[in-house]
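Subject: Structure handover

Hello,

Here is the structure for you to look through. Please open it first, then read my notes below.

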Amino acid sequence: MLMAGAAVVLAVFIVASLATREAPIVTNIDADPNLKLGQALVDLDEGRRDAARSALATLAIDKAAPSEVLAALAKMHYQDRRLAEAEALLERLVERNPTEPEALAWLGLVQAERKDLPGAKASFGRALQGARGDLAERLKWLVPKEPPVPPTAPPRRSPRRAAPATPPS
C-alpha cells in the first residue's frame, strides 16, 4: 500500500511539474516559416538587407508563401532596382487578391518604371477602385481622368474676305 501511495505522489509531482513548465523554445528558426519571416523583417529593419533578402527569397520559393513575404521581397527588389523580379512577385500577389489596392499600386509603380505605361495606367486604375484614405488621394493624382467630350459645334467657317476694291474709272 505504501508503494502505491508513493507512485501516486510521484505521478502527481510529475504532472504538476509538467503543467508549470513553459513551452519549449524553438531554437531553429528555419523549422518555422513564421519565425523565419519575423527574423527576416527584424533583419530588414535593423539594416541587415542581405540576410533579410536571403531568408525572404527562400520563403518565396514556396507557391503558398505568405503575402507578407512576397510584398517585403518585392519592395526590396524595387529598392535595389531589380524591377523584373519585383514585378513578378507583385503579379503573384495580385493574382491571389486581384482587388488589393496596395499591391496594385506597387505593381503600377514598377510597370511605370519599366516603361509599361498602359499596364501602369490599368494597375493604378484598379488600385484606385478599392483604395481608401491616403492611398486613394495619392492615386487620384496618378490616374488621369478621361477628358470630357466637347459638345459638337457646327464647323467653323473661314472669315469672309472683303471683295477687292475696284479702282474708279
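This is a predicted model: local features need pLDDT of at least 70, side-chain atom pairs count only at pLDDT 80 or more; totals for chains, interfaces and linings use all residues.

Helix α5 passes α6 in a left-handed crossing. Left-handed here means that the near helix is turned anticlockwise from the far one by less than a right angle; clockwise would be right-handed.

Residues are numbered from 1 along each chain as its sequence is written, and side-chain values use heavy atoms, with hydrogens and water left out.

Back to the pair. Helix α5 covers residues 83-96, and its axis comes within 9 Å of the α6 axis, crossing at roughly 150°. Axes are lines fitted to C-alpha atoms, for helices over the stretch in contact, and angles run from 0 to 180 degrees between N-to-C directions. The two helices, α5 and α6, are therefore roughly antiparallel. The cut-offs are under 35 degrees for roughly parallel, over 145 for roughly antiparallel, 65 to 115 for roughly perpendicular, and oblique for the rest.

Which residues of α5 and α6 make the contact? From α5 come Leu83, Ala86, Glu87, Leu90, Glu91, Leu93 and Val94. From α6 come Ala103, Leu104, Trp106, Leu107, Val110, Gln111 and Glu113. Contact means heavy atoms within 4.5 Å. By class, this contact of α5 with α6 has 10 nonpolar, 1 polar and 3 charged residues. Ala, Val, Leu, Ile, Met, Phe, Trp, Tyr, Cys and Pro count as nonpolar; Asp, Glu, Lys and Arg as charged; the others, Gly among them, as polar.

Next come α6 and α7. Helix α6 spans residues 101-113 and α7 spans residues 117-130. Their axes come within 8 Å and cross at roughly 160°. So α6 and α7 are also described as roughly antiparallel to each other. The crossing of α6 past α7 is left-handed. On the α6 side, the contact uses Pro101, Leu104, Ala105, Leu107, Gly108, Leu109, Gln111 and Ala112. They meet Leu117, Gly119, Ala120, Ser123, Phe124, Arg126, Ala127 and Gly130 in α7. The residues of this contact of α6 with α7 divide into 10 nonpolar, 5 polar and 1 charged.

**On to α8**

Helix α8 covers residues 133-142. Helices α7 and α8 pack at an angle of about 145°, with their axes 9 Å apart. Here too, α7 passes α8 in a left-handed crossing. Phe124, Ala127 and Leu128 of α7 touch Ala136, Leu139, Lys140 and Leu142 of α8. That contact of α7 with α8 has 6 nonpolar residues, no polar ones and 1 charged.

**Residues in α4**

Helix α4 runs over residues 67-79 and includes His77. Is His77 buried or exposed? His77 counts as buried because its relative accessibility is 7%. Buried means under 20% relative accessible area, exposed over 50%, and partly exposed in between, using a 1.4 Å probe and protein chains only. Not counting residues up to four places away in sequence, His77 touches Arg82, Glu85, Ala86 and Leu89.

Leu73 also lies in α4. Leu73 is buried, at 4% relative accessible area. Leaving aside neighbours within four places in sequence, Leu73 is in contact with Arg53, Leu56, Ala57, Ala60 and Leu89. The C-alpha atoms of Leu73 and Leu90 are separated by 9.4 Å, and the two residues are 17 apart along the chain.

Ala71 is another α4 residue. Ala71 counts as partly exposed, at 24% relative accessibility. Its C-alpha atom is 9.2 Å from that of Trp106, 35 residues away along the chain.

**The aromatic pair**

The count comes to 1 aromatic pair. Tyr78 and Trp106 form this pair, which is edge-to-face, at 5.5 Å centre to centre and 80° between the planes. Rings of Phe, Tyr and Trp (its six-membered ring) pair if their centres lie within 6.5 Å; planes under 30 degrees apart count as stacked, over 60 as edge-to-face, and the rest as tilted. The pair links distant parts of the chain, with Tyr78 in α4 and Trp106 in α6, 28 residues apart. Tyr78 is buried, at 14% relative accessible area. Trp106 is partly exposed, at 23%.

**The whole chain**

The protein chain has 8 helices and 0 strands. Of its 169 residues, 25% count as buried.

Best wishes

Key
Helices (H or I, at least four residues) and strands (E, at least two) are DSSP runs, numbered from the N terminus.
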